[in-house]
Amino acid sequence: MGILADYKGFGFCEMTAVDGPRPHYRPLAARFVEMELDDMRSRSAMVESLFRRQGITFAVYGEEAGVERTWPLDLVPRIISAEEWDYLERGLTQRVRALNAFLDDIYVGEQAILREGIVPRWLVESSSGYLPEAHGISVPHGARCVISGIDIVRDGEGQFRVLEDNLRVPSGVSYVLENRVAMTRALPKAFSRYRVRSVSHFGASLLRTLQALAPQGRANPVVVVLTPGVFNSAYFEHTFLARQMGVELVEGRDLVVDDHKVYSRTTRGLERVDVIYSRVGDRFLDPVAFRPDSVLGVPGLMSAVRSGNVSIANAAGNGVADDKGIYPYVAEMIGFYLGEEMLLPNVDTYLPWIPDQREEILSRLDELVVKPVAEAGGYGIVFGPTADEKTLEELAKSLEEGPRGYIAKEVIQ
């Protein structure tokens, strides 16, 4: 069976069921039967070389062995059937609609969900992602979350579940697009056996979406991508998306605010900016409104936003919906704002600020995954089944002293 000869799956396998390859994987499995391991290795090396030449890398912080790494690509693709994709699309659309409604409610609405006690007020107001400075700032179409990066997994039974929401400055779509190009080169015969939905339209779709956020009355709105600079881990993506959309990539020093309007410094003089696709963290956006030591943002930017003269995507303040302590309440948001049942369930989650749930967590620390509520990108996670005794003891102490700072989840096989 070629490279699949010795393969034995575990848990839920995307490719194989008990009686062999799943129907939508059969053409790919047939292609793998024709291939040997050395062939697959040479194709993988070709892709890595291609990525390295094109600078498709990402930065790894906190490691001594170099910062830049080539983006890793598994040449065994994950194939999602049209039926499954339709379900995912409906579930993710539902989730983002509810999260947008939640954000709009707490920043410019009547905070109805807090008033009704469906989401605890103290939980929102104690979130590090909550920005009182964003109160009263309306967003065109209520689209506070334009680009989302919602993490999806399958559990041991094959059910799709949401791991977490990323609504601040989600990263990764550039790698999706480059992965698709690389995969078609590495496995052209396998691709020819499928009708794969195209992703090449993404740049144009993103540009149209951002232009729709422009202040009223602005014809031919100008969009820019705001990057923290070349040392950011996702800088490749910032340049890639600016190129895909055909817009300028700028840093904070390239922009200036005058009379509550934002302008870009160009060789032709100052040019009015209508929409900023920001890849800069909220508290670094404006040293006047937030951190005075920030050199990444634009002084006065929030005054221009509040005046309705420029839009930022994603909107400032979205971090409260990224708080992992808010995540367990998304089902309630969907019911409250949309009057619907949640389509994509969360992973079973425990909240340590609730005493009986904290006791459950402490009694099963070696079985659960514990995450800090304010971190992203995998930082600070403790995987109970592989953690040593000292780590678990320190974690138990932290949970007792600051339960608001963590959540715990069941391990997904």
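In the predicted model, arginine 404 lies over the face of tryptophan 353, at 5.7 Å from the ring centre. A second contact of this kind involves lysine 409, whose charged end sits over the ring of tyrosine 327 at 4.0 Å from its centre. Lysine 409 also takes part in strand pairing, as the bridge partner, in S17, of threonine 349.

Elsewhere, strand S10 (residues 261-266) and strand S11 (residues 269-272) run antiparallel and are joined by four bridges. S10 and S11 form a hairpin, with two residues between them. Within this arrangement, tyrosine 263 stands opposite arginine 272 in S11.

Aromatic contacts were examined next. A pair of aromatic rings is described by the distance of the centres and the angle of the planes. Seven aromatic pairs are found in a search of the whole structure. In one of them, the ring centres of tryptophan 71 and tyrosine 175 are 3.9 Å apart and the planes are at 10 degrees, so the pair is stacked. Tryptophan 71 lies in the loop between strand S4 (68-70) and helix H3 (82-107), while tyrosine 175 is in helix H6 (residues 173-186), so the pair ties together parts that are 104 residues apart in sequence. Tryptophan 71 is partly exposed, its relative accessible area being 25%, whereas tyrosine 175 counts as buried at 4% relative accessibility.

Another aromatic pair, formed by tyrosine 87 and phenylalanine 160, is tilted, with 6.5 Å centre to centre and 35 degrees between the planes. This pair likewise links distant parts of the chain, with tyrosine 87 in helix H3 and phenylalanine 160 in strand S6 (residues 160-164), 73 residues apart. Tyrosine 87 counts as partly exposed at 22% relative accessibility, and phenylalanine 160 as buried at 7%.

Trp71, Tyr175, Phe236 and Phe240 form one aromatic cluster. Phe236 and Phe240 are among the buried residues of helix H9 (residues 235-245), which also include Glu237, His238, Leu241, Ala242 and Met245. Just after H9, glycine 246 adopts a positive phi of about 70 degrees.

Attention then turned to the nonpolar interior. In soluble globular proteins, nonpolar side chains tend to be buried together. The largest nonpolar core in the model has 56 residues, of which Phe102, Val119, Val124, Ile276 and Leu301 touch the most other members. At least two residues of this core are supplied by each of H3, helix H4 (112-115), helix H5 (121-125), S6, strand S7 (223-226), helix H10 (301-306), helix H11 (319-322) and helix H12 (330-338). H3 gives the most, with eight residues. When residues up to four places away in sequence are not counted, phenylalanine 102 touches Ile113, Val119, Val124, Val320, Ile326, Met333 and Tyr337. Apart from this core lies another, of 41 residues, among them Val47, Leu50, Ile56 and Met245.

Helix H12 has Val330, Met333, Ile334 and Leu338 as its buried residues. These cover an arc of only 100 degrees around the axis, which puts them on the same side of H12. The buried residues of H12 pack against H3 and H4. One of them, Met333, is also touched by phenylalanine 102. Just after H12, glycine 339 takes a positive phi of about 65 degrees.

Asparagine 318 is found in the loop between strand S13 (311-313) and H11. Asparagine 318 has a relative accessible area of 0% and is therefore buried. With residues up to four places away in sequence not counted, the contacts of asparagine 318 are Leu103, Arg144, Cys145, Leu167, Arg168 and Asp282.

Technical notes
Residues numbered from 1 in each chain as written. Predicted model: local features only at pLDDT ≥ 70, side-chain atom pairs only at ≥ 80, totals over all residues. Heavy atoms only, no water. Phe/Tyr/Trp six-rings, centres within 6.5 Å; stacked < 30°, edge-to-face > 60°. Buried < 20%, exposed > 50% of the residue type's maximum accessible area, 1.4 Å probe, protein only. Lys NZ or Arg CZ within 6 Å of the ring centre and 35° of its normal. Pairing = 2+ DSSP bridges. Core = buried A, V, L, I, M, F, W, Y, C linked by side-chain atoms within 4.5 Å. Contact = heavy atoms within 4.5 Å. Arc of directions from axis to C-beta.
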